[in-house]
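Open the model in your viewer and keep the selection panel at hand. The tour goes stop by stop: select, look, move on.

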Amino acid sequence: VKYKKNIYTLMVHIADVSEFVSEKSSLDSSALQNGNSYYFPEKSYHMLPNDLATKLCSLVPGEKRLAVSICFQLTETGDIVNKYATLSVIKNKNRLSYDEVDEILSAPNSSKLHRNIYTLYELHKLLRKKRLENGALNILNTEISFEYNAKGVPTKIIEKKQSESHAMVEECMLLANKYVAELLGSKSSPIYRNHDLPSKRSFLKIESLISSFSTEPKNLNDFISSIRSIQKRKVFSKLILKKLKRASYGQKNIGHYGLSFDNYIHFTSPIRRYADLYCHRLLKELLNGEKIDRSSSIDFIIENINQNENKAKDAENEYSRLKKLKYIRSFLKKTFTCTIESFSKKLIYVNINDVDFTAFIYRSHLKQDRYRIARSKHAIVGQYTKKTYRVGDSLKASVENIDMINLEVSLSLQHS
């Protein structure tokens, strides 16, 4: 990245994985069968052989590498004045970890490397601001990691917070993906990354949630940012995310609701996602003036990568729940602070804050009263005592039972 005469020049270089994975080869068939890489704390299962990622397609400092480069010129307000894609050979000067970049941002000096990183930091803030102003969602999505003992039992749960370095890379990737989607959409048949609008019913439930906890009309982003309690913010973000549809791949473009993009594809991670590898091939053909008909196989590819992505997400989620259960099982006598998420006819669903795990309390365990759901208030109210439990309220509870088969935890409310 460079900044000169009030213009940012940004070049996003993506290793040319498609050069080493010939279409319809055994390596390509294996990659398609995997669909994507799978990531677990102790082990990762890669879509392609590890040697590709660590050697041939790794942008090693001082070594020439084949790449596909997406280049932009942007104004100080983040408007794009020029953009193009090209095949390239690059020689990387520096290879930095996310932590190293964060350290530089915390104490930059006058070296060229530090100046370039800080320039990218300033540009990413412009891009993010512009994206959110255009309607992109900004919902808190919690990720956690574990520390283990020698037996593999979690002893500590650590919440991952997105660092500035991660956010910088993300904005560059989003910009590149969006441009390649526009480029391929006009001249080829890419696999789109779609995120459909929520259903009318989901929209109404989100509006009801916002109006119940806000004194004035707010859009979704303003509502989330207005919640001061971080635990409440996590719970309301989780409730809203549940109302949104899952993103998926498709041949027909329907836009990306969460990012507020009219066109979007996955292009920047061809080493770990087959959809990106597929779009790499399309872009290279476009740049070389070629065109290959893939109409007979695209439906099969889309179905396969969607199934494998869902399988990966479900496996990662189930793995995380299992590890969290093992952690909770180590603290059976502990009283946990929880935040109410929702209600059903017989249950109160709560988030165990320390663990970010949804457990439940039987409503029959509440003090003697007859509780009724007040849907407009997102609460239950005692008919006689008028005692109210509301979504977002904090309460104390201890473990009553752990079901390792169904991955569930029932809690016992600690009355004050």
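Stop 1: Select α3 (98-106) and α5 (164-187). This is a predicted model. Now show side chains at the crossing. From α3, pick Y98, V101, D102 and L105; in α5 they meet E164, S165, H166, M168 and V169.

Stop 2: Select α1 (26-34) and α9 (274-287). How are α1 and α9 packed, and at what angle? Their axes lie 9 Å apart, at an angle of about 135 degrees. That makes α1 oblique to α9. At the contact, D28, A31 and L32 of α1 meet Y274, L277 and R281 of α9.

**Stop 3: the largest core.** Nonpolar side chains tend to be buried together in soluble globular proteins. Here the largest nonpolar core holds 51 residues. Colour L10, I70, F267, Y274 and L283, which have the most contacts inside it. Which elements give this core two or more residues? The helices are α1, α3, α4 (112-133), α5, α9 and α10 (298-329), and the strands are β2 (7-15) and β5 (64-74). The top contributor is α5, with 9 residues.

Centre the view on F267. Beyond residues up to four places away in sequence, F267 touches I14, V68, I70, N177, V180, D276, C279, H280 and L283.

**Stop 4: the second core.** Next, select I227, V350, V355 and Y389. They are among the residues of a second, separate core, which has 45 residues. Keep Y389 on screen.

**Stop 5: aromatic pairs.** The model has 13 aromatic pairs. Start with Y327 and F331. Their ring centres are 4.8 Å apart and their planes meet at 45 degrees, so the pair is tilted. F331 counts as partly exposed, at 29%.

Y371 sits in strand β14 (residues 371-374) and Y389 in strand β16 (residues 388-390), 18 residues apart. The pair thus links distant parts of the chain. Both Y371 and Y389 are buried.

**Stop 6: a cluster and two charges over rings.** Select F40, Y45 and Y319: they form one aromatic cluster. R193 lies over the face of Y249, at 4.5 Å from the ring centre.

**Stop 7: a loop residue.** Finish at D262. Where is D262? D262 lies in the loop between β10 (248-250) and α9. D262 is exposed, with a relative accessible area of 63%. Setting aside neighbours within four places in sequence, D262 contacts N253 and G255. Last, draw a distance from D262 to C338. The two residues are 76 apart along the chain, and their C-alpha atoms are separated by 39 Å.

Key. Residues are numbered from 1 along each chain as its sequence is written. This is a predicted model: local features need pLDDT of at least 70, side-chain atom pairs count only at pLDDT 80 or more; totals for chains, interfaces and linings use all residues. Side-chain values use heavy atoms; hydrogens and water are left out. A nonpolar core is a set of buried Ala, Val, Leu, Ile, Met, Phe, Trp, Tyr and Cys residues joined through side-chain atoms within 4.5 Å. Buried means under 20% relative accessible area, exposed over 50%, partly exposed in between (1.4 Å probe, protein chains only). Helices (H or I, at least four residues) and strands (E, at least two) are DSSP runs, numbered from the N terminus. Contact means heavy atoms within 4.5 Å. Rings of Phe, Tyr and Trp (its six-membered ring) pair if their centres lie within 6.5 Å; planes under 30 degrees apart count as stacked, over 60 as edge-to-face and the rest as tilted. A charge sits over a ring if NZ of Lys or CZ of Arg is within 6 Å of the ring centre and within 35 degrees of the ring normal. Axes are lines fitted to C-alpha atoms, for helices over the stretch in contact, and angles run from 0 to 180 degrees between N-to-C directions. Angles under 35 degrees count as roughly parallel, over 145 as roughly antiparallel, 65 to 115 as roughly perpendicular and the rest as oblique.
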